Amino acid sequence: MANSFEIELSCSFCGRVQSLVDQLIEGPGVYICNECLRVAQGMLDANKPQKPESSKKVIDVNNLPTPKEIFNHLSEYVIGQDNAKQALSVAVYNHYKRILAIENGITKDETEINKSNVLIIGNTGTGKTYLAQTLARIMKVPFAIVDATTLTQAGYVGEDVENILVRLVQSADGDVQKAEKGIIYIDEIDKISRKGDNPTITRDVSGEGVQQSLLKIIEGTTANIPEKNTVDRRKHPGQDLVQIDTKDILFIVGGAFDGLEAILKARDTSAKIGFGAKLKNSEIEHNIFDNVRPLDLQRFGLIPELIGRLPVITSVDNLSEETMLRILTEPKNSLVKQFKKLFALDDVKLKFEKDALREIVKQSTQFKTGARGLRSIMEKTLEPIMFEIPSNPNIAEVVITKKAVQGLDAPKIVNVDFAELTRKRA
C-alpha cells in the first residue's frame, strides 16, 4: 500500500518548503531556494575586490601642456639648464601627443611614430634626476628611478632589468595601465659601458650584457612582472605574473660620462675641453657635450643598438657659484624656503644673511657634488638650533650668519619678548 503522506522538500538554509518558493535547486545532499541564492549572490558582489579604475587615457588631450608651458613649469623648479629643459619639453610633448593620437584614432594611415627616449649627459649634482622627476610631476604620470649599476643580466646576483617595471607599477599604486604611460629614469648609464667600442665574445655581468637586456624594454615589448609587484621575483618564484607593455613608457637615461671629453677632443683637436669652453673665434660659451654624436658614445662604450633607442641627446651644464646661490633661494621648493617653512611650524622665523648663503655655496662647491652638497651643509648648520627650538618656546627668530655656517659661532637668536618689543617700537 502506497504511503499517502509525502514529506515536501525544503531549502536547507531558510527552511521554506518547495511550494512556497519559485525554485528549489538540488545539490549534493542539500537544497537551496531562489531567494537564498539571490541573497548569497548579493553578498558575493558586495565583497568582490574592486579593480583599479581604468586609466587607459592617463593624459587628457585637452590638458596636454605645450613645450613652452612644460619649459616654464620646469623653470619654476630648475634654475638654468635651458638647453636640457627645452630638449626635454619637446621630447615629452611629442611622446604624449603620439600616445593621444594613437588612442584617439588620429593616426589612421600606415605612418608609425616611434617614441623618442632621452639621454642626458652631465656631472653629478647638476639636476639630471630632478629634471626627470619634475617632468613626471608636471605630466601627472607614474615615475620610477633606478641606478644602472645595480642591474644585472637575468640569472646573476643583482637586480633584474624587469624590476624597473615593477618599481613603475608600484609608483602607479598597482595600476598597470597607468604605469604603461609613465616615465622611467635610469641613472649612471655610463657605468655599464663596455671597455672600448670593439665587441667581445664574453659579456660582463653589469656592462654590455645589461645594455642588451635594456634594449627590448626601452624600445617597446610586453614583459611579465609579478602580480603582487614584488621586486625580487627569485624570492617568490611561485607567484602569478601580469603583463605590462613598455611601448608607451618614456625612458630618460643619464650619466656623467667621465672620459667622454677626451673622445671629443680626439675627434676635434681644435676644440677646448671642459664645461664652459669657448667656441673657436667666438666669445659665445657652450657646453662641450652639446656636440656629442652617436659615434662618440659608441667609442665610449655604449652599444650601437642602445644608442639608436636614445635619439634625443642633451646635456646639463656644471653649476657656477652664482647658479648654485639661485638654486638655494629661488625655486618654489628651494632649500631656504623648505627650512623656513620647517621653522615656521614651530612658530620661529628663520633668516639667512647674504654672506651666510654664499658661504654655504662655497663649501658645497668644495665637495664637487654640485647642488647635492647644499642640503648637507644646511642640515649641519641648522641641526643644533633645530635640536633646541622644540624645547624652548621663547625663541621667536633665528638668524644664520657666515660664522654660524663656518662653525665658528652659534646662530643669532631673538627671544619672544625682545621681538614683540621691537615690533611695537616699529
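Helices H13 and H14 are oblique to each other, a class left for angles that are not under 35 degrees (roughly parallel), over 145 (roughly antiparallel) or 65 to 115 (roughly perpendicular). The model is predicted, so local features need pLDDT of at least 70 and side-chain atom pairs count only at pLDDT 80 or more, while totals for chains, interfaces and linings use all residues. Residues are numbered from 1 along each chain as its sequence is written, and side-chain values use heavy atoms, with hydrogens and water left out. Helices (H or I, at least four residues) and strands (E, at least two) are DSSP runs, numbered from the N terminus.

**Helix H13 with H14**

- H13, which covers residues 354-367, packs against H14, residues 372-388, at an angle of about 125 degrees with the axes 8 Å apart; axes are lines fitted to C-alpha atoms, for helices over the stretch in contact, and angles run from 0 to 180 degrees between N-to-C directions.
- On the H13 side the contact (heavy atoms within 4.5 Å) is made by Ile360, Val361, Gln363, Ser364 and Phe367, and on the H14 side by Gly373, Leu374, Ile377 and Met378.
- Sorted by class, this contact of H13 with H14 holds 6 nonpolar, 3 polar and no charged residues, where Ala, Val, Leu, Ile, Met, Phe, Trp, Tyr, Cys and Pro count as nonpolar, Asp, Glu, Lys and Arg as charged, and the others, Gly among them, as polar.

**Helix H11 with H13**

- H13 also packs with H11 (residues 321-329), at an angle of about 120 degrees and with axes 9 Å apart, and the two helices are therefore oblique to each other.
- H11 passes H13 in a right-handed crossing, and the residues that meet are Glu321, Glu322, Met324, Leu325, Leu328 and Thr329 in H11 and Leu357, Arg358, Ile360, Val361, Ser364 and Thr365 in H13.
- The contact of H11 with H13 divides into 6 nonpolar, 3 polar and 3 charged residues.

**Helix H2 and its cover**

- In helix H2 (residues 67-77) the buried residues are Ile70, Leu74 and Tyr77, buried being under 20% relative accessible area, exposed over 50% and partly exposed in between, with a 1.4 Å probe and protein chains only.
- Seen down the axis of H2, these buried residues fall within an arc of 55 degrees, so they line one face of the helix; the arc is that of the directions from the helix axis to the C-beta atoms.
- Their cover includes helix H3 (82-103) and helix H4 (128-139).
- H2 and H4 pack at about 125 degrees, with their axes 10 Å apart, and their crossing is right-handed.

**Two single residues**

- Ala223 lies in strand S8 (residues 222-226) and, at 7% relative accessibility, counts as buried.
- Setting aside neighbours within four places in sequence, Ala223 is in contact with Leu165, Val242, Gln243 and Ile244, and its C-alpha atom is separated by 7.4 Å from that of Glu162, 61 residues apart along the chain.
- Glu219, found in helix H7 (residues 208-219), is partly exposed, with a relative accessible area of 48%.
- Again leaving aside neighbours within four places in sequence, Glu219 is in contact with Lys115, Lys247 and Arg309.

Key. Left-handed = near helix turned anticlockwise from the far one by under 90°.
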